[in-house]
Amino acid sequence: MTVRRGSVVGRPTTGRPVVARAAAVSALAVGAVLVLAGCGTPPWEVAASASASASGAPSASASGAPSRTPSAKPSAVGGDLASGAASRTLQAGDLTVDVRYWSTLPMDEWTPGADKPLSMSVTTRSGGDAEVRLVRAAVAVSYRTGSGADVASDGSPAEQADGQGYAVAAPQSWSGTFVLGAAPAEAARLRAIVTLVFTETTAGSGGATAQQTATDTLSIDLAPAG
């Protein structure tokens, strides 16, 4: 399959855009594109008619498809995203990681052949005064049939990595969208394994930095095609 690359833009809390170095970006995907945005007003906290992006309007996918607003009604399909969004609280060492998932594509349009945008917003909490930065975010995808049998796929994880990272200690946050490409025609369920890697530098520690990792899994039912 063709490897497609998405644009990467970080936006700190000062509001001044920072374009991540091209050499630091690895948007790997066999059928997946990564679009990043900095912190801002989360899309699930605005009216359904507002744009579904933490920075205002999400970047279009590589195919140029227009952005959509989240579906206002729960869908009959979708699994963990059946209501259109899901919140998770994860642990990464001593960090508490709050993740919000959503999609700008109604879940009844998540068919095997569709490009499926999976967005997430990440922020962290800790018991001390630490600088926390997200240095890597990745989504690996696998598929199963309706009977539960594994479906072979040659997809590679989609990821974004930056050595300097993005500040995510609350109230700061990072938001990104992974556009998951076409699945095998016989796929009935998608399993997305999310990996988030952080660096944590504690004040007064002489610059000592620890690396922490959080993982999560989403199970998403696919809608029948056509």
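S121 is found in strand 6; strands here are DSSP runs of E, at least two residues long, numbered from the N terminus. S121 counts as buried because its relative accessibility is 10%, and buried means under 20% relative accessible area, with a 1.4 Å probe and protein chains only. Its side chain makes a polar contact with the side chain of S175, at 3.4 Å. A polar contact is a pair of N or O atoms within 3.5 Å; within protein, one must be able to donate a hydrogen and the other to accept it, and residues adjacent in sequence count only if both atoms are side-chain atoms.

A word on the source. This is a predicted model, where local features need pLDDT of at least 70 and side-chain atom pairs count only at pLDDT 80 or more, while totals for chains, interfaces and linings use all residues. Residues are numbered from 1 along each chain as its sequence is written, and side-chain values use heavy atoms, with hydrogens and water left out.

Next, the partners of strand 5. Strand 5 covers residues 95-102, and six of its eight residues are buried. Seven bridges join strand 5 to strand 6, residues 116-125, and the two run antiparallel; strands pair if DSSP finds at least two bridges between them. In this pairing V99 stands opposite V122. Strand 5 is also antiparallel to strand 4, residues 85-92, through eight bridges, with T89 opposite D98. The hairpin of strand 4 and strand 5 has two residues between the strands, and G93 takes a positive phi near 65° there.

Now L81, in the loop between strand 3 (32-37) and strand 4. L81 counts as buried because its relative accessibility is 0%. Leaving out residues up to four places away in sequence, L81 touches A86, Y101, M107, L118 and I220, where contact means heavy atoms within 4.5 Å. L81 and Y101 are 20 residues apart along the chain, and their C-alpha atoms are separated by 7.9 Å.

On to the core. The largest nonpolar core has 41 residues, and V97, M120, W174, L196 and F198 have the most contacts inside it. Such a core is a set of buried Ala, Val, Leu, Ile, Met, Phe, Trp, Tyr and Cys residues joined through side-chain atoms within 4.5 Å. Elements giving two or more residues to this core include strand 4, strand 5, strand 6 and strand 7 (130-144). Strand 7 gives the most, with six residues.

Last, the peptide bond from A170 to P171 is cis, with omega near 10°. P171 is in the loop between strand 9 and strand 10.

Key
Buried < 20%, exposed > 50% of the residue type's maximum accessible area, 1.4 Å probe, protein only. Helix = DSSP H or I, 4+ residues; strand = E, 2+ residues; numbered from the N terminus.
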